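This report looks at aromatic contacts. Please view the sequence and structure first.

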Amino acid sequence: MYFAALLARTEDGWEASDTELDDVETLTDLADLAREAAVDDDTVVAFIEQEDAWFGVVRVDGEDDPRVFLSNAAAAAKSSYGAMLTDELLGRDEDDAADDLDSLDLDGTEDGEPEPEPDDNVDDNDPLESVNGSDGPPHGPLGDAALLADLGVSEKELLALDGDALGTIADSLGCTEVLEAVR
């Protein structure tokens with residue numbers, strides 16, 4: 001079960017609206033939806049939450065590129081909306097031809113080619129190598145953890161959130177009542 005809401009900053013505070021994500025297939029679609037909710041090209045924050053598994057925050061400021069944070073990329077990647085955001089953050093393209101070839105499980109031995117020798121220069125204990133070499137998203141946060149810092153939620157606070165994260169963020173933004181009205 002998903003919960004999604006848009007919070008648009010106005011001169012008088014924040015305006016909230018719940019939103020249907022049925023027509024959202026890309027981050028660009030979500031950013032366009034957020035811009036439609038904006039007042040005078042001001043900040044719009046989109047919240048997406050899937051029960052207690054993960055939450056995402058997408059910030060759109062006017063025509064700037066959207067900024068994204070996911071609380072748990074591996075959990076988010078298992079859902080359609082989370083996968084969309086995870087793929088965007090990891091620079092994956094749905095139509096990438098390399099992904100299509102990877103799905104065929106070709107290992108290069110079909111034409112009688114020998115399997116490649118293991119690379120002795122790769123350190124199996126290097127954490128960056130294991131993240132960059134893995135097929136899946138990292139377990140844990142992914143994205144711009146500082147995207148709400150100027151609005152009162154520091155990077156450290158955002159990374160520490162669990163449970164009712166969106167409620168805590170709304171408290172910090174001063175918009176708990178408007179968020180709860182659409183929840």
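## Aromatic pairs

Three aromatic pairs turn up in a search of the whole structure. Rings of Phe, Tyr and Trp (its six-membered ring) count as a pair if their centres lie within 6.5 Å; planes under 30 degrees apart are stacked, over 60 edge-to-face, and the rest tilted. The model is predicted: local features need pLDDT of at least 70, side-chain atom pairs count only at pLDDT 80 or more, and totals for chains, interfaces and linings use all residues. Residues are numbered from 1 along each chain as its sequence is written, and side-chain values use heavy atoms, with hydrogens and water left out.

## Tyr2 and Trp54

Tyr2 and Trp54 pair edge-to-face. Their centres are 6.5 Å apart, with 75° between the planes. Tyr2 lies in strand β1 (residues 2-10) and Trp54 in strand β4 (residues 54-61), so the pair ties together parts 52 residues apart in sequence. Strands (E, at least two residues) and helices (H or I, at least four) are DSSP runs, numbered from the N terminus.

Trp54 is buried, at 2% relative accessible area. Tyr2 is partly exposed, at 29%. Buried means under 20% relative accessible area, exposed over 50%, and partly exposed in between (1.4 Å probe, protein chains only).

## Tyr2 and Tyr81

Tyr2 also pairs with Tyr81: the ring centres are 4.7 Å apart and the planes at 75°, so this pair is edge-to-face. It links strand β1 to helix α3 (residues 80-90), with Tyr2 and Tyr81 79 residues apart. Tyr81 is buried, at 14% relative accessibility. Ring pairs link Tyr2, Trp54 and Tyr81 into a cluster.
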